[in-house]
Amino acid sequence: MGSVALTGVMAKEAAKAAGPLAPQKPMLPARAKNVIMLFMEGGPGHMDTFDPKPKLNELHKTESKSTKSLASGFKFFVGSPFKFDRVGQSGIEMCDQWKFLRDPDVADELCNYRGCQAESLNHPEALFHMNTGSRLGADPAIGAWATYGLGTVNQDLPGYMVMTELAMPQGGSRNWSNGFLPAHYQGTRLRPEGTPILDINSQSYKSRDHQRMALDALNFLNAKHSAKHPEHKDLAARMESYELAYRMQMEVPGVIDLQGEPEHIREMYGMNEKDTAAFGKQCLMARRMIEKGVRFVQIFSGGWDSHDYLERGHSSRIKSVDKPVAALIKDLKQRGMLKDTLVIWTGEFGRTPDNNRRGGVYSLGRGHNADAMSMLLAGGGVKAGSIVGATDEIGSEAVDVKHPIRDFHVTLLHLLGLDDNKLTYFHAGRYKQLSQFGGKVITELLA
Amino acid sequence: MKNHIIAASALLITAGGVFADDSKAEFERLFTLRVKPLLSEKCFGCHGGDLHKKPKGSFDLTTRSRFLKGGSEFSNALVPGSSAQSYVMKMIKWEDEDYEMPPKKNDRLNEEQIADFARWIDAGAPWPSEERQKEIHLAEQSKKRTKDGVMVTTSGGLADEWTFRRYQPEDIWAFQPVKKPRVKSQMNPIDALVRSKLSKAGFKPAPKADARTLIRRATYDLTGLPPTPNQVYKFHQAYQKDPDQAWSDLIDRLLASRHYGERWAQHWLDVARYADTGGYSNDYERSNMWRYRDYVIRAFNSDKPYNQFIIEQLAGDELADASLNKRIKDWNKFQSARQNGKQYNDKESQLLVASSFLRMGPWDPAMVKKPQARQIYLDDVVNAVGQTFMSTTMRCLKCHDHKFDPLPTRDYYRVYAAFEPTQLAERPVPFAKHENLERFEEGKAMTERLWKFASAKEQELIDKREATARKWYKENNREYKTQAQRKSDPDDEKPPRHAGLDYIEQGRLKVRAQDEWIWNRRKERYQPYVQTVYNGPVPGGLNARRLRMNAKANNKWRPDSRILTGGALEAPGDQVTPGVLSALAVPVEGAPKNDPYQIGDKLNGRRLALARWIADERNPLTTRSIVNRVWQYHFGKAIAGNPNNFGVKGSKPTHPRVLDYLAADFVENGWTIKRLHKLIMTSMTYQQSGKHPDMEKLLNEDPKNNLFAYFPSRRLSAEEIRDGMLKITGELNTKGGGVPIKPEMNMEVALQPRMIQFSIAPAYTPSRTPDERNRRSIYAYRVRGLANPFLETFNRPNPNDSCEERDAASVSPQAFTLLNSDVTTARSIAFALRVEKDADNLTDQIKRVFHLAFTRHPSAQESSRMAAYVKEMRTYHKKVKPERKTYPTKITRSLVEEFSGKPFEYEEILPVFENYIPDKQAADVGPNTRAMADLCLLLFNSHEFMYLY
């Protein structure tokens with residue numbers, strides 16, 4: 001046993017010598033190698049997506065005495081506008097708005113987790129919490145921890161890539177920051193329009209040849225300087241950062257240029273339809289990144305904050321992600337990548353069973369609910385075709401297999417072969433970890 | 001399942017009899033004082049401490065017999081008399097990968113603790129009765145110092161075990177009084193102390209750095225700017241004549257420069273978390289925060305004694321109001337004078353600005369219940385005060401007594417109580433004569449225009465809606481009611497909520513209403529408000545977009561201050577009076593004898609008393625904290641490695657004697673920071689070279705340079721890079737102070753939509769003229785939700801968290817920014833134009849570029865290689881024609897409308913670009929200039945520009 005541990009340590013040290021992002025062996029047997037996290041910003045209503053609550057339809061528009069959400073004044077229950085049924089062999093529940101996810105080929109890969117509880121009722125804090133384990137928005141994101149622990153396979157691309165809509169999610173880049181970890185682990189955002197990575201392209205009047213000439217002249221100056229300062233170890237790393245930048249300029253366009261993808265794949269991801277084109281493109285890019293060896297990919301998709309007009313809001317949001325998510329899972333599966341790739345679909349919290357009057361009228365929407373939510377997991381060692389945990393009769397709070405976000409994070413790391421208690425970084429006088437104070441693996445989620 | 005069954009019973013029987021009685025007592029003490037506390041702190045959490053929880057692995061450690069029984073996996077966990085056979089030893093040594101206990105790295109036992117366990121087991125694992133344990137504790141508590149360490153008297157923990165625990169004296173170094181070491185040598189005392197340690201380690205100090213290195217080091221260090229070639233030349237000459245005098249004169253000149261305050265205020269703002277907005281989902285404007293930024297700059301420039309600086313920031317408002325009250329004695333008149341603010345004099349005005357420190361943290365009560373919103377604020381401010389002034393992280397004490405430091409939860413809530421009457425407000429306070437009010441008219445006009453646009457658009461939509469509403473009322477034979485009037489009417493007695501508006505218009509109305517607020521709010525930037533505080537009861541409503549003072553509020557109000565058990569508002573515990581940290585044994589002036597750490601519980605004056613205690617010369621945390629920070633910024637490396645955490649778990653000082661010498665000397669000489677700079681900078685330790693003859697050996701034996709055997713090199717900070725470039729290109733406008741300026745930033749980022757609650761924030765638009773834009777970075781508008789990408793790439797810290805030390809890792813985005821961005825391209829063109837003006841031929845131009853950027857001549861080889869490069873580039877640029885960059889005067893935004901989930905568009909105007917004066921760009925200059933600019937850009941990308949030695 002001791003010798004195994006020692007080999008692990010040696011491998012880790014050897015890897016470190018090869019650079020901070022060099023691939024490293026997991027600490028534990030890993031079930032997943034990569035993660036694609038689809039973040040539904042705003043908080044999808046669990047009772048309007050995957051967790052049916054017929055009781056709410058009975059109570060529809062009757063008074064609610066709940067004190068859960070922040071709104072005060074008269075509150076009333078809101079039944080879901082959607083019908084639910086069981087799909088696939090496994091009989092997973094989902095609402096009728098999901099037209100593609102219900103394909104048994106996809107549905108039977110899903111694990112619907114209903115026990116997670118957030119803590120914050122406010123978007124940015126809850127986003128920070130789900131993404132970084134801390135509500136304060138200054139700590140490393142899960143993707144940063146994952147690349148810190150495992151490195152990344154492709155040394156010409158960042159290990160942690162993020163895609164957002166044109167508008168950044170609330171809290172912005174702090175949702176994918178390296179926090180106190182070294183800057184190598186920060187998420188690199190691929191911008192949806194314009195330049196994919198800020199300033200990755202040289203000025204339009206400067207060619208690639210021009211750039212090579214410039215780099216060569218710069219290397220001349222820097223080499224002279226480095227020779228004068230052999231004691232200064234950072235200089236070599238800085239030279240390498242320029243060369244990596246030069247390689248990335250070649251590699252990144254290859255990831256985002258989808259022209260080479262066959263038409264049926266583009267169609268499958270919904271790239272030919274207005275409603276799904278944007279998210280579909282990002283899902284397809286995510287698959288390509290994972291293929292190229294990127295460790296952790298996150299896609300943010302907003303607009304789920306339906307305080308009002310829930311039916312219209314949620315049906316259009318579901319429509320925009322349904323086909324792409326289903327395609328992503330199918331595509332990963334047909335390429336044999338799903339077993340190694342953990343796909344997560346989640347928001348920052350769920351929604352309340354009731355609503356307050358807004359603008360003086362009965363508005364059919366829902367408030368923020370930190371006590372209940374619904375997540376989907378697929379691939380990467382999770383129990384396919386299962387429903388894990390439960391919320392109460394009206395979806396007000398989780399009651400079974402109930403776990404705080406930190407346990408979800410610990411589980412995620414566990415799937416990647418990382419032990420949250422060992423994946424630490426000494427900062428400001430203590431060993432910091434993703435879960436902050438430690439947590440438990442949610443064993444019910446594991447295959 | 002593991003099976004390690006060993007016959008243990010025989011050993012068990014004999015073990016008790018092995019030791020004589022007195023050693024038995026000793027081992028009982030070992031158990032009670034060492035082993036049991038470890039079990040309870042590290043193990044009981046999962047193994048039996050909680051009656052309602054099944055112990056993990058059915059392994060219960062709470063009694064000897066249960067421990068002996070082992071768990072479901074082990075029966076030989078504890079083998080009394082033989083630590084070698086006890087499996088628990090393998091677990092706590094982390095020798096079995098599957099059973100590393102305790103599992104968290106933070107809780108892992110150290111070698112001494114493991115040895116204690118082994119000794120206890122080898123002694124037969126005695127487990128005295130509860131009574132006996134109590135006797136042992138009582139006997140122990142009467143001794144201040146034992147071989148287990150020292151006891152620290154505090155106001156008391158939540159449990160006796162905490163109250164009477166012991167600390168290793170070296171662990172709680174920071175809580176001990178400062179002891180000034182006697183330095184006999186004639187040397188600078190820093191050198192005497194640093195060198196004595198160095199020679200003990202068998203090393204000689206590095207030689208002195210050369211004059212050019214020294215002036216570059218000192219100039220960046222004190223002003224954040226590079227020296228000019230002329231300054232280098234003059235210094236070099238003076239240095240030949242009399243190095244010490246030249247060096248001393250240089251330091252004096254730099255300390256007297258206005259730029260000194262701009263550089264050192266930046267350090268302070270890093271710690272204090274300065275920003276011009278409030279963060280979180282709304283990221284509301286804190287329109288007048290710039291007044292605090294300028295106050296800090298002035299404080300450094302005027303060398304305000306640090307103790308006074310502390311008091312003003314923590315209690316400036318209390319001092320200002322007491323001072324006003326002295327002039328206006330009548331209570332009612334005084335209250336109205338406070339409310340309208342007009343009668344504050346310059347001095348009082350600046351005191352009110354100083355206490356903006358208490359508004360630095362991100363905070364927004366939106367979507368948070370009021371008590372929680374208050375708690376979030378108070379927790380933040382208590383932690384910020386501990387961290388900033390005393391290098392103590394207070395966050396740990398909120399829920400429990402400090403795990404490692406002698407800081408009980410009670411003290412946390414006593415400091416918390418000192419802030420409980422503190423309410424946040426924008427208060428009207430006249431501008432003082434030294435505040436920069438330039439360009440107010442232009443800024444006001446621009447804001448007014450944006451506000452008018454938003455409110456006109458909003459009104460159009462409201463009119464449309466109300467026209468439909470009128471129609472509805474008429475059709476239903478009811479009298480028209482405005483939206484406000486009809487709000488609480490039943491649904492069937494009023495028109496539909498968004499009558500007459502389609503989803504696009506609904507979306508737009510929401511956006512315009514937000515914008516109307518935003519611009520209205522920004523108009524306040526030009527009014528004499530201060531983002532500050534006052535004392536009073538918690539106001540009825542809390543909304544960060546408008547926080548105003550109610551001076552007439554009940555003056556008799558007192559908060560009910562209590563310990564919040566586990567940090568939960570729902571679990572108020574013991575009542576507490578306001579007070580200070582008890583472990584330091586520094587009493588509060590005028591405190592009652594039986595409670596020397598108590599401060600008064602009147603509505604006013606709590607913070608002042610706390611501030612005076614923090615600024616008390618006997619407070620060892622405060623004085624060590626500031627000298628450690630100053631040292632850190634000079635050397636890029638602190639003496640105590642965690643400037644925000646002097647606690648047991650923070651890095652211990654490499655040179656405690658230097659730290660104490662400087663702290664004592666600082667107080668003896670009137671808390672002046674400029675004097676401290678000079679003391680440090682005139683030391684040889686500061687003036688030594690970054691190279692050392694024994695470098696190989698040093699890198700091996702002291703890789704972190706903890707000996708300060710040579711001067712540690714550092715990368716320039718984000719602001720130094722930007723400001724340094726502007727200085728070198730000749731573009732820098734050195735004007736100080738005033739409303740935040742807005743440099744150009746990557747246009748994609750500037751114009752990208754940024755979500756705020758319900759809407760998209762207005763675009764970032766740069767200031768109109770180069771003159772305004774090209775001022776120093778400290779004056780740049782700082783939005784929490786929108787980092788300047790250039791500065792962020794070079795590790796400017798996120799202002800939500802206090803930054804004790806900046807990161808400087810080299811990552812590829814830095815290369816992208818420096819090589820490709822519009823911002824650095826513009827600098828390179830300005831630089832090229834400057835040298836073309838200064839010198840005629842290519843050789844001289846190259847020389848000039850090197851002089852300005854590197855403050856040295858190019859070598860012959862460099863000169864010819866760079867000339868070849870420029871020629872190569874001239875050929876290249878003759879063949880290309882750069883496009884002209886344009887600036888849009890309006891943009892179309894797209895947003896998903898919340899109600900329908902459908903996207904809609906609206907137009908945003910960017911009036912600043914209507915008569916915008918851009919920097920000179922590639923399209924404005926010829927191929928030769930562009931070729932020269934390419935060279936200039938290389939120098940900005942070089943190691944030599946980027947690093948300081």
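## Two domains of chain B

The centres of domain 2 of chain B and domain 5 of chain B, taken over C-alpha atoms, are 30 Å apart in this predicted model. Their contact takes 18 residues from domain 2 of chain B and 19 residues from domain 5 of chain B. Two residues are in contact if their C-beta atoms, placed from the backbone, lie within 7 Å. On the side of domain 2 that touches domain 5, α9 (211–223), α10 (229–241) and α12 (258–272) of chain B each give at least two residues. The largest share, four residues, comes from α9(B). By class, this side of domain 2 has eight nonpolar, four polar and six charged residues. Ala, Val, Leu, Ile, Met, Phe, Trp, Tyr, Cys and Pro count as nonpolar; Asp, Glu, Lys and Arg count as charged; the others, Gly among them, count as polar.

The domain assignment of chain B gives domain 1 (9–146), domain 2 (207–265 + 622–714), domain 3 (305–431 + 528–614), domain 4 (450–526) and domain 5 (718–948). These bounds come from an automatic or database domain assignment.

## How the model is read

Residues are numbered from 1 along each chain as its sequence is written, and chains are lettered from A and ligands numbered from 1 in the order in which they are written. The model is predicted, and local features need pLDDT of at least 70, side-chain atom pairs count only at pLDDT 80 or more, and totals for chains, interfaces and linings use all residues.

## Chain B as a whole

Chain B has 37 helices and 13 strands. Helices (H or I, at least four residues) and strands (E, at least two) are DSSP runs, numbered from the N terminus. The C-alpha trace of chain B spans about 95 × 95 × 70 Å along its principal axes.

Of the 949 residues of chain B, 49% count as buried. A residue is buried if 20 or more other C-beta atoms lie within 10 Å of its own, exposed if 12 or fewer, and partly exposed in between; C-beta atoms are placed from the backbone. Among contacts in chain B with a separation of 6 or more, 72% join residues 24 or more positions apart.

## Chain A as a whole

Chain A holds eleven helices and 20 strands. Its radius of gyration is 23 Å, close to the 22 Å from the globule rule for 447 residues, so chain A is as compact as a globular protein of that length. The C-alpha trace spans about 80 × 55 × 45 Å along its principal axes. Of the 447 residues of chain A, 56% count as buried.

## A covered strand in chain A

Strand β14 (residues 375–379) of chain A is mostly covered: five of its five residues are buried. Strand β5 (residues 110–113) of chain A pairs with β14(A) in the antiparallel sense over four bridges. Two strands pair if DSSP finds at least two bridges between them. A:C111 has A:L377 of β14(A) as its bridge partner.

Strand β10 (residues 341–346) of chain A also runs antiparallel to β14(A), joined by four bridges. Here A:V343 is bridged to A:A378 of β14(A).

## Where the chains meet

The contact takes 77 residues from chain A and 77 residues from chain B. On the side of chain A that touches chain B, α6(A) gives the most, with ten residues. That side divides into 34 nonpolar, 31 polar and twelve charged residues.

Notes: Rg over C-alpha atoms; globule rule 2.2 N^0.38 Å.
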